[in-house]
Amino acid sequence: MTSTRGDHAIGNTIGVEILGSGSHLPETRLTNADLEKVMETSGEWIVKRTGIEERRIAQWDKGEKSSTLATGALQKALDDAKVTAEELDMVLVATMTPDMPTPNVACIVTKNLGCRTISAIDLNAACSGFVFSISTAAMIMQSGLYRTVGLVGVDCLTTHIDYTTFGRGAAILFGDAAAAMVLRTSDNPSKGMLAHKMHSDANGSEHLFIPATREDFPKLDDYEERKLSKVQMNGQAVFKFAVSKFQQVIAETLEEAGISADEVDHFICHQANSRILDSARARFGIPEEKLLINIHSYGNTVAASAPLVFDELAQAGRIKPGQKVMFLAFGAGLTWGSSLWQL
Ligand code: COA
């Protein structure tokens, strides 16, 4: 599926502003040294191949799970935006790790925060979830349907990791986190989404999946009971997909918006592997200060990854009105996409 939107200004009188952001991380750190104790790996190998030094891991028995992290992140974003929970018209949560199949995380968040009986939706597109969600929220808001939206990216994928040598390819990568934003419509139509791309290709789904049953394995011979409910990843295939689609989606988004890479102030990228990000920087000549890499501290936090980067930039005072920022992500599905914003 491909969907694009052309010139933001044409025929559109409603703008959308990002009013505030926040993030909420589990307390517990999982360092490379911790991983060395439970599997055959080395901190040196992990840093060289991925850039990751540590990640956070949610302790479900202490009440840390997707809904609690999401609630904490959205509360901070509301405080940052100086907006109350009662003002929200919709909560949209990007996640592939809800606390349970139902209720969805968004419903639990609205209860925790004391929202009105508003629209509460979860969107699952794995690591692309937040980027797909911010584009979806923008389109809904530009239609005039909702004025104020709470948007969250949250995942606790570490519950689906095999922390033994068998699962080491994925075990080194993932961490848990939540990050959120508050969006509000504006009567300045120049603010908001300039272009976006949403892509998927399920022909590559076998390279990254979490099987629920034996029948979920593309090759039944690969089935082993210990693999059920754990991330199954062909690291090299995902790496190749990510490098090529990442560069492709940047190019097509710039073309759609009719701007050059130099005109983008921040590339807010899903953090999967620092080498993937470095390849995009080299291809488009993006200076380091325009593409923040924070993977060393958090690993790959799935749907929380891109908004965590945005929040880090915002809290450092580096997000400013008038800037152009491009959100980018790729992940299981396979999915990949972008959302280019004029702040
Ligand atoms: N520690 C030490 N050695 C490891 C290891 C680990 N955690 N994981 C794999 N290895 C070993 C392999 O067994 C292999 O050994 P061999 O040559 O003796 O067979 C060797 O390292 C090279 O394996 P390979 O899979 O080619 O490594 P790589 O350079 O591709 O790095 C990833 C592995 C997972 C870090 C890398 O493929 C990657 O990041 N892929 C993208 C994954 C991703 O982004 N997923 C999320 C998408 S949203």
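This is a predicted model: local features need pLDDT of at least 70, side-chain atom pairs count only at pLDDT 80 or more; totals for chains, interfaces and linings use all residues.
Which residue of S14 is the bridge partner of Lys197? In S14, that partner is Ser338.

Strand S9 covers residues 192-200, and strand S14 covers residues 335-342. The two pair in the antiparallel sense, and eight bridges connect them. As to burial, eight of the nine residues of S9 are buried, so this strand is largely enclosed by the rest of the structure.

In the loop between strand S13, residues 324-331, and S14 we find Leu334. The peptide bond that joins Gly333 and Leu334 is cis, with omega at about -5°. For context, most peptide bonds are trans.

I turn now to the open sheet. Five strands form it, in the order S2-S8-S7-S5-S6, and the pairing is mixed. Strand S2, residues 15-24, and strand S6, residues 119-123, stand at the edges; each has a single partner strand, so one side of each is left without a neighbour in the sheet. On average, and with direction ignored, neighbouring strands of this sheet are turned by 20° against each other.

Strand S5, residues 90-94, runs parallel to S6, and five bridges join the two. Within this pairing, Val93 has Asp122 of S6 as its bridge partner. Helix H4 packs on the sheet here, where it touches S5, S6 and strand S7, residues 148-155. The direction of H4 makes about 140° with that of S6.

The loop between S5 and H4 contains Pro103. Here we meet another cis peptide bond, which joins Thr102 and Pro103 with omega at about 5°.

Next, the helix pair. How do H3 and H4 pack, and at what angle? Helix H3, residues 66-81, and helix H4, residues 105-113, pack at an angle of about 55°, and their axes are 9 Å apart. The two helices are therefore oblique to each other. Their crossing is right-handed. On the H3 side, the contact is made by Ser66, Ser67, Ala70, Thr71, Leu74, Gln75 and Leu78. On the H4 side, the residues are Val105, Ile108, Val109, Asn112 and Leu113. Sorted by class, this contact has seven nonpolar residues, five polar residues and no charged residues.

Finally, I would draw attention to backbone torsions. Most residues other than glycine have a negative phi. Lys82, in the loop between H3 and S5, has a positive phi near 55°. Lys82 is exposed, with a relative accessible area of 73%. Ser229 likewise is not a glycine and has a positive phi, of about 70°. The loop that holds Ser229 lies between strand S10, residues 208-209, and strand S11, residues 232-233. Is Ser229 buried, partly exposed or exposed? Its relative accessible area is 34%, and Ser229 is partly exposed.

To close, I return to the opening pair: Lys197 has Ser338 of S14 as its bridge partner, within an antiparallel pairing of S9 and S14.

How values were computed. Residues are numbered from 1 along each chain as its sequence is written. Side-chain values use heavy atoms; hydrogens and water are left out. Buried means under 20% relative accessible area, exposed over 50%, partly exposed in between (1.4 Å probe, protein chains only). Helices (H or I, at least four residues) and strands (E, at least two) are DSSP runs, numbered from the N terminus. Two strands pair if DSSP finds at least two bridges between them. Axes are lines fitted to C-alpha atoms, for helices over the stretch in contact, and angles run from 0 to 180 degrees between N-to-C directions. Angles under 35 degrees count as roughly parallel, over 145 as roughly antiparallel, 65 to 115 as roughly perpendicular and the rest as oblique. A crossing is left-handed if the near helix is turned anticlockwise from the far one by less than a right angle, and right-handed if clockwise. Contact means heavy atoms within 4.5 Å. Ala, Val, Leu, Ile, Met, Phe, Trp, Tyr, Cys and Pro count as nonpolar, Asp, Glu, Lys and Arg as charged, and the others, Gly among them, as polar.
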